[in-house]
Amino acid sequence: MKMVVSDEAALKAMFQHKGASGKLPCMLCRNVVLRRYAPDDMAAPLVLHTCTDESRFLQHDLPSLLNLVRHLEARSTVLNKGQMSELETALGFNRAPLGVLSSETVLDHMDPTKALLYDWMHCYVVGGLFQLEVNLLMGVLAEAKVKMSDLDTFFQQFQWPKSLESKGAGAKKVFEHKKKAKDDEWKSSASEALSAFPVLRAWLDDFRKRPGISEKVQGSIRSCLALCRDLLLLCSTDNGARYANDLRMAIVRHLNLFQQAHGLHRFIPKAHLVLHLATMLERHGQLVSCFVHERRHKELKRFANELDNFQAGAEKHIMREMILCHIDDMSNMDVINEVGLIDAKPATADVIAHVRATLGLGGARPMQVSGKAYFRPNRAAHTGDVVVVAEPESIAEVAYHVAFDNYLLTCVLFYEEVMTENCFRVRRDRVGFIRTRDIKAACIFSEKDGICRVAPQMFEAD
Ligand SMILES: [Zn+2]
């Protein structure tokens, strides 16, 4: 077993690691102590969990982890219950004689110190660093008398790519004013957080240039803007490991800016966990997150909820049901690895005439057409979407996609560059064809008075 990706609750269930309720909040680090438990006279090699220097972490290997397990076992024969519980809190693990870490069979197949991949989704966008950051920022902005309705109005102007429409609809409303209790936290779902961030970033980028913004507000904004949402997404793609160094630097930079803006007392244990992500990415080649696991929860529960008696073999039985479902799902799916039309239909005479006239093609050839196409695995561009094009380098609106012979082309309306950064003049008269594979990204954008403003995002380099 090469990789274990999970949230903290699952680490607790699998390895009996105490997480943030122990003194050592990270399962991998032997010397990283939660700040609230740290003695005043704490000395090296111990470091606080607020330390952002990865080189100072002393990490477990399998033998050291097994020593810890044996130590807990040996002490359990001489300590009373209270003393034992204290020792477990101090070491960050519970004694579990029947647990995974006590099983030679399991450990023959898995080294947890190498297999672990912290889930960036839970660390950042499920009650994680993103939500914390936005809550702190909103507090600072409220103090500075900034109205949240300003932010909401800005969000209302934006459109998300059609393939993200349901997530975009949620993202659009994240700052909608609701009457809340005073201590009520600002919340968002994980996918709303990811979809909303580029627009929040665009708003903050405008806002910080206004005159008279205090250093305190500027500090909060710098920290928020440093959240590495785009890099995390890039690291989650094939060959994500090529961004490992960028990610390492971006995470450290963000956490340092966070500490400057909000102080060490706001530094949550998850903020330590993300300091491992770059090294884990190098080891595994790609960041895997729990988005898919969370989506499949309901599938699992469909079977598990029917069982009221968990006898030996029940888990195996559920796994079989899950695998059968999965095979069935996959067998009904068109897997498109690179580019391709979605829901293609034979082209109408109008389209055929348009393609022929524009490209100067003669003769009859079968053509397929669609308003939707994949331009990368799982990324779709629809009619009306505004896209970043690599060749010719431009921003354009998608009209339709067409496939004939060995070609897959997209008919686009090229927008015109204007002097303002990230803004383009909407043009309907500059029609052309591009290779669909030259679409780099579908944009989040707003359109007003004939000017399209794109909320910038990083996209994959070739
Ligand atoms: Zn650690």
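The model shown is predicted, so local features need pLDDT of at least 70 and side-chain atom pairs count only at pLDDT 80 or more, while totals for chains, interfaces and linings use all residues. Residues are numbered from 1 along each chain as its sequence is written, and side-chain values use heavy atoms, with hydrogens and water left out.

**Figure 1. Overview of the protein chain.** The secondary structure comes to 18 helices and 19 strands; helices (H or I, at least four residues) and strands (E, at least two) are DSSP runs, numbered from the N terminus. The C-alpha trace spans about 90 × 60 × 40 Å along its principal axes. Of the 462 residues, 47% count as buried. Buried means under 20% relative accessible area, exposed means over 50%, and partly exposed lies in between (1.4 Å probe, protein chains only). The chain exposes about 24,600 Å², of which carbon and sulfur atoms supply 52%; accessible areas come from the Shrake-Rupley method with a 1.4 Å probe, and for residues only the protein chains shown count as cover. Among contacts (heavy atoms within 4.5 Å) between residues at least 6 apart in sequence, 66% join residues at least 24 apart. There are 59 positive and 57 negative side chains, and the centres of the two sets lie 3 Å apart. Lys and Arg count as positive and Asp and Glu as negative, with His and the chain ends not counted; the place of a charge is taken as NZ of Lys, CZ of Arg, CG of Asp or CD of Glu.

Figure 2. The zinc ion is coordinated by the SG atoms of C26 and C29 and the NE2 atoms of H272 and H276, at 2.0 to 2.3 Å. C26, in the loop between α1 (8-15) and β2 (32-33), and H272, in helix α14 (residues 269-273), are 246 residues apart, and this pair links distant parts of the chain. Both C26 and H272 are buried. Donors are N, O and S atoms within 2.8 Å of the metal (3.2 Å for Na, K and Ca); water is not among the atoms, so sites may look incomplete. The spacing of the donors along the chain is C-x2-C-x242-H-x3-H. Angles among the 4 donor atoms are 100 to 118°, and the site is tetrahedral. Four donors count as tetrahedral if all angles lie between 85 and 135 degrees.

**Figure 3. P269 and its contacts.** P269 lies in helix α14. P269 counts as buried because its relative accessibility is 19%. Leaving aside neighbours within four places in sequence, P269 is in contact with A20, P25, L34 and H49. Y124 is 145 residues from P269 in sequence and 12 Å from P269 in space, C-alpha to C-alpha.

**Figure 4. H262 in helix α13.** Helix α13 (residues 244-262) contains H262. With a relative accessible area of 10%, H262 is buried. Not counting residues up to four places away in sequence, H262 touches E133, L136, S220 and S223.

**Figure 5. F404 in strand β12.** F404 is placed in strand β12 (residues 394-404) and counts as buried at 4% relative accessibility. Its contacts, leaving aside neighbours within four places in sequence, are V355, L359, L361, R365, P366, M367 and L409. F404 and E185 are 219 residues apart in sequence, and their C-alpha atoms are 53 Å apart in space.

**Figure 6. Two cis peptide bonds.** A44 and P45 are joined by a cis peptide bond with omega of about 10°. P45 lies in the loop between β2 and β3 (47-48). A cis peptide bond also joins E391 and P392, with omega of about -5°.

Figure 7. N422 is not a glycine, yet its phi is positive, at about 65°. The loop between β14 (416-417) and β15 (423-425) holds N422, which counts as partly exposed at 29% relative accessibility. D449 is not a glycine either and has a positive phi of about 50°. D449 is found in the loop between β18 (444-448) and β19 (451-455). At 72% relative accessibility, D449 counts as exposed.

Methods
Tetrahedral: all angles 85-135°; square planar, octahedral: opposite > 155°, others 65-115°.
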